[in-house]
Amino acid sequence: MPITFEEKIKVFISSKCGFERYDLIRVALKQLLEDTGMIQTYIFEESSAASLPTQDEYLNKLEDSHVVLFLIDNESSITEGVMKEWKYSKEIQRKALYLFYNNPDKPITSIQEELTGPHGAKFRVVPNIKDFIREGYQVVIADVLNIYINYCKNRLNAPQHRTSNEFDQQDNFALSIGDEKQGLLFAKSTINQFPLTLSYFKEMENEKDIHVEHTTQLDLFAYKFALIIHGTGAYNVSNFKVPEDDLMEMHSEELVKVVLMRWDAIQMVFEKKLDEAILRLEEAYTNACLAQLPYWFIDDILIDKRNLEVKVLEFSNMFGEVNAQKEIHKRSHMLHFPLIDRIEGETYRKILKEIYEINTQSPHTRRIGTGLEGVLNQIFRTYIVAVCYGSFTHMMGINDLLYKMFYNFSTVYDHYPWKYLSFKFCILNEDIKSLDKVYRRSHGIISSCSYERIKELYNLADAIPYTLESHLLKVKLVELLGYYFSDEDFIDIHNELFTIIDKWLSVENPYINLSSYLSSCLKAVIQRVDHQLVVTKALVVFNKEHYRFFDDFFSILIDIDWSKVKPETYKEVVGLVTDIIKKPGLRERYTNIENLVLSMRLKNKQLQEWDDLVRENWATFYKNQYELETAERSPFNDEIYLFSSLSEIKDRNEHQGYNGRYASFANQPFKTMRNIMLNSELRIDADSLLTEMLSLSVKVLLNPKQTTEEKVECIQFVLYLGGLCSKQQISDAYWISFKAEILKNNDLLYSSFADELFNQMTEFTLRTNVVFLKEMLGESNSEELFEIVSMHYSASTYDIYQLLVVIDKYLEYCNLSNTKNNSYLPIILQVILSQINDKNLEIKLIATKCLIKLLSSDYTHVVYKSLFYLVNDADFRLKLWVIKGINDNNNIDLIKLLEIMVADNNYLVRRASREVLDSFVHLT
């Protein structure tokens, strides 16, 4: 008779689907494992019809499993489903077992290649694909036995959470916050009357169904209200009944009367009746004063009322001191809520204690779980006290406590569920300013989890009882998550976004704060929204003369693809912009109008009619930018602009530092010259243009009064110029004088004015650039470069970034096909590899850019190996840069990289990698 177990080990089997031999292997393996009686398996074949997309269903099953068994071969590319499962299992740190079958005539898969690295998991290679059945069964059973043996020998880590004695015992401090006459004796035993609500808080991170019975109606009510404010339950007026009898057992009649009034106000808030809620709180305040209830309780009513009054005022685009705040200012005492303040103080102490202990522990310290459960218990207590006294501010305030707890614990322990929950409660806390920070830390989750989970985060905004704040949150979440929604979900979200815009524009006095959020949102997801619809909404803003919103919508229109806009709509925008060009008083009010004019002019040559209009009506803009950007490109014109930039550099160099006076400039002529030459067909005239450039560069570099920034810009231009001369086969003889002057005046080369007020360029940055300049001139010094590399580990973020910038410029110049004769390149590779995983995105991006340039060097294998780790980075911008950089390299390593990114959650990454992959398949 087989033995059965109530709690079984859940095994998820991941392999190719739709291949007959794999279908048979999965079914046979499932049968063997489940015959043990202690294992439950999930295979694709047993998935049933569901409303969720297939991908979401199997990712959810993977998340519920204890072990993932991967069956992978190299006969063909890894399927998108398997790649998605592998990435997600890594992100949520799910235990995984790997079996590979390899055709010796084909390269190993990207997954096996990554597992061979220093941080790779153990895997086994089978000689025959049929052995997946026998070996799969053996590795799962062996793993179960190994865990049991280690458990018996006390070699396993303790459970994830430690339970302190204080959690199960009564607190030592008194919960009495008033006298019996006032009915404010909050007995210790009261906390124990909420087992259902306590169970909800304890199981919060596991998201399990609660099976604890409630002891009172108030316990059930508190539990259901927690679900409402946490976005997992919907407000329903028919079920929103505060248990008056339970409150009467806890409080005096006078207190219960006021508490019920406060709950009436809360109900009105969820029914969007803020004005009525304020009136009800005013009534509660009056009754509390007449009943002579404690001052801190009366003050708490005023705080609830003040917060609602502020929202009503803010939503009406008005600012000022509200009535409740005026009353609060009359108080001579500090505002406080004795019991809640004490509990919250203990909450923060526990969080700080956890952070302190982790940061001060020895490398040999072994921790027994975490203190999360103890912190959750304190937050639960805060919530219960707030419920019992009808304190809406403190009830909603637990979202802030939960956000900070999960954020700090996820920072310390890097635990997937806590990262997700920190994002969730940051949304529920309406902390829009912190969402960017939390989103960056949650990239790994967002880029690999199911679309269902991503949609859940967006839907949390519906839990916010204030319509305008809910709209703000939704707009912000579209900005952050817009490229991560499934195609089906995005259609609904896209429609809702424009419905929000329509409602916003339909009122006489639109909410001011929403404009900048809409601008950021639409620019962020511009590649996925309907451009015709965007322009239509912008025209509504312009035609209704909402002048304060013009600049925000100008910035959106800059990124519009006008080929996706109806001709009549485009014509209307052109007419509107033309009128603004003619009106100096109007155009000077907006900072984005210049860029919009340039953007539209460059995208459509038919707007040449604007050229004369801008020259006649906007002379400064025309001279400084418009003419250069829009002029017809030709070698003759390019040379004119180059000499114009040289004239500006000469004038700056003569006057900078004269009589101790220094000036900062918005434009950078050395960069302007490089940009002109990058896309020009101009062949450098060595006798005039090149000679003038080198002569002037010497004067700038040897001017001790010149700014550090200008010298650095000059060196980077010279590096570019050296590479261009080499490509155009211009004789090195023209560089002889330049080299001689630079090398004989070493002290002047390093002497500069550090403009610390407007620029962060330092002596370290200048010295770094000089080292690469000298190498270009044939005076390489590996010892000095090693010294700089050793210094960069303690340099500022800005200095490290500038080091990578000059490396990038140097790699453009030098001959990467002859790395053996370049002593700098091994050192450069070491610097790049040390920075590609930096926490700063800008540094990661420039390091990745440098790394990709080394693909054409002898270090190709090292570069690809690093890129395999890099494409697992959570930031989609980094992946897009990798795709862009490797586009010209068609080989097996590149295809493996693209196979990984095709399974990414991000719409742009999926689209870009699929386009490149399809182009390679088409070529072959």
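This note walks through a few features of the structure above, point by point.

1. **What you are looking at.** This is a predicted model, in which local features need pLDDT of at least 70, side-chain atom pairs count only at pLDDT 80 or more, and totals for chains, interfaces and linings use all residues. Residues are numbered from 1 along each chain as its sequence is written, and side-chain values use heavy atoms, with hydrogens and water left out.

2. **The whole chain.** The chain holds 45 helices and five strands; helices (H or I, at least four residues) and strands (E, at least two) are DSSP runs, numbered from the N terminus. Its C-alpha trace spans about 100 × 80 × 60 Å along the principal axes. Of the 924 residues, 53% are buried. Here buried means under 20% relative accessible area, exposed means over 50%, and partly exposed lies in between (1.4 Å probe, protein chains only).

3. **A covered strand.** Take a look at strand 3, residues 67–73: seven of its seven residues are buried. Val67, Leu69, Leu71 and Asp73 point one way, while Val68, Phe70 and Ile72 point the other way.

4. Which strands pair with strand 3? Strand 1 (residues 9–14) runs parallel to strand 3 and is joined to it by four bridges, and Phe12 has Val68 as its bridge partner in strand 3. Strand 4 (residues 95–101) is also parallel to strand 3, with seven bridges between them. There, Asp73 stands opposite Tyr101 of strand 4. Two strands pair if DSSP finds at least two bridges between them.

5. **A negative patch.** On the surface, Glu244, Asp245, Glu249, Glu253 and Glu254 gather in a patch of negative charge. Patches are made of residues with over 30% relative accessible area and no salt bridge, with like charges joined within 9 Å and nonpolar side chains (Val, Leu, Ile, Met, Phe, Trp, Tyr) within 5 Å. A salt bridge is a side-chain nitrogen of Lys or Arg within 4 Å of a carboxyl oxygen of Asp or Glu. Asp and Glu count as negative, Lys and Arg as positive, and His and the chain ends are not counted; each charge is placed at NZ of Lys, CZ of Arg, CG of Asp or CD of Glu. Helix 9 (244–250) and helix 10 (253–270) each supply at least two residues, and helix 9 gives the most, with three. Glu244 lies in helix 9 and counts as partly exposed because its relative accessibility is 42%.

6. **A nonpolar patch.** Leu145, Tyr148 and Ile149 form a nonpolar surface patch with about 330 Å² of accessible area together. Such areas come from the Shrake-Rupley method with a 1.4 Å probe; for residues, only the protein chains shown count as cover. Ile149 sits in helix 5 (residues 131–152), and its relative accessibility is 43%, so Ile149 counts as partly exposed.

7. **Two loop residues to check.** Most residues other than glycine have a negative phi. Lys272 is not a glycine, yet has a positive phi of about 65°; Lys272 belongs to the loop between helix 10 and helix 11 (274–290) and is partly exposed at 46% relative accessible area. Gln292, also not a glycine, has a positive phi of about 55°. The loop between helix 11 and helix 12 (295–315) holds Gln292, which counts as exposed because its relative accessibility is 63%.
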